[in-house]
Amino acid sequence: MDAALSPWLWIVVLLLVGVGLAGTVLPMLPGVPMIFIGLWLAAWIDGYERVGGLTMGLLGVLTLLSVVIDFAASAMGAKRVGASPRAIWGAAIGSIVGLFFGLPGLLLGPFVGAVAGELSAQKTAGQATRVGIATWLGLLFGTLAKIALSFAMIGVFVLFYFL
């Protein structure tokens, strides 16, 4: 690899991992896959000498696990309390709309969307509130799991890179 190109590639690695970390809490960014791509690029820059195929395979499995968790967490929370499909769609739409309202939107958007979806399915306000809370808790636990997996991936990479 061209030595002059290497510092620029490391900047791309840092950007991918940094934006990926932000993406673990922002629903529109594929956070953990971006982290994986950044770590793969770092391994490639080094010619896979420090971080090889086995480690990258492990990081790939952790990435796939996080994607599954991301899709399943809120749906599982909502399903536990008998949410309608409209409530699940409402939570997804609320997550996207919430992006435009900063942190309060990120926190309240899925809840409001799930409640609105459940109410549109002609459920009671009490049921809609339970669904909203369960959906929000599912998203919260899913996000916490993605954050934990992201830092585990970075930790595994750093461990093998510097070990």
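## Helical packing and surface of a predicted model

I96 is partly exposed, with a relative accessible area of 39%, where buried stands for under 20% relative accessible area, exposed for over 50%, and partly exposed for what lies in between (1.4 Å probe, protein chains only). The structure is a predicted model, in which local features need pLDDT of at least 70 and side-chain atom pairs count only at pLDDT 80 or more, while totals for chains, interfaces and linings use all residues. Residues are numbered from 1 along each chain as its sequence is written, and side-chain values use heavy atoms, with hydrogens and water left out.

The protein has six helices and zero strands, both being DSSP runs numbered from the N terminus (H or I over at least four residues for helices, E over at least two for strands). Its C-alpha atoms fill a box of roughly 65 × 30 × 20 Å along the principal axes, and 39% of the 163 residues count as buried. Among contacts with a separation of 6 or more, 66% are between residues 24 or more positions apart, a contact being heavy atoms within 4.5 Å.

Two packed helices are described by the angle between their axes and the distance between the axes. For helix α2 (residues 31-45) and α6, the axes come within 10 Å and cross at roughly 5°; the axes are lines fitted to C-alpha atoms, for helices over the stretch in contact, with angles running from 0 to 180 degrees between N-to-C directions. The two helices are therefore roughly parallel to each other, as angles under 35 degrees are classed, whereas those over 145 count as roughly antiparallel, 65 to 115 as roughly perpendicular and the rest as oblique. On the α2 side this contact involves V32, I35, F36, L39, A42 and A43, and on the α6 side K146, S150, M153, I154 and F157.

T63, in helix α3 (residues 53-80), is in contact with V32, P33, F36 and M153, leaving aside neighbours within four places in sequence. G132 belongs to helix α6 (residues 125-162) and touches F111, A114 and V115, not counting residues up to four places away in sequence. The C-alpha atoms of G132 and V115 are 5.0 Å apart, although 17 residues separate the pair along the chain.

| Residue | Relative accessible area | Class |
|---|---|---|
| G132 | 0% | buried |
| T63 | 8% | buried |
| Y48 | 34% | partly exposed |
| R50 | 42% | partly exposed |
| Q122 | 75% | exposed |

**Loops and surface**

Y48 sits in the loop between α2 and α3 and has a positive phi near 60° in a residue other than glycine. Q122, in the loop between α5 (102-120) and α6, likewise has a phi near 60°, a positive value in a residue other than glycine.

One salt bridge is counted, the rule being a side-chain nitrogen of Lys or Arg within 4 Å of a carboxyl oxygen of Asp or Glu. R50 forms a salt bridge with D46, and their closest N and O atoms are 3.9 Å apart.

The accessible surface comes to about 9100 Å², of which carbon and sulfur atoms hold 78%; accessible areas come from the Shrake-Rupley method with a 1.4 Å probe, and for residues only the protein chains shown count as cover.
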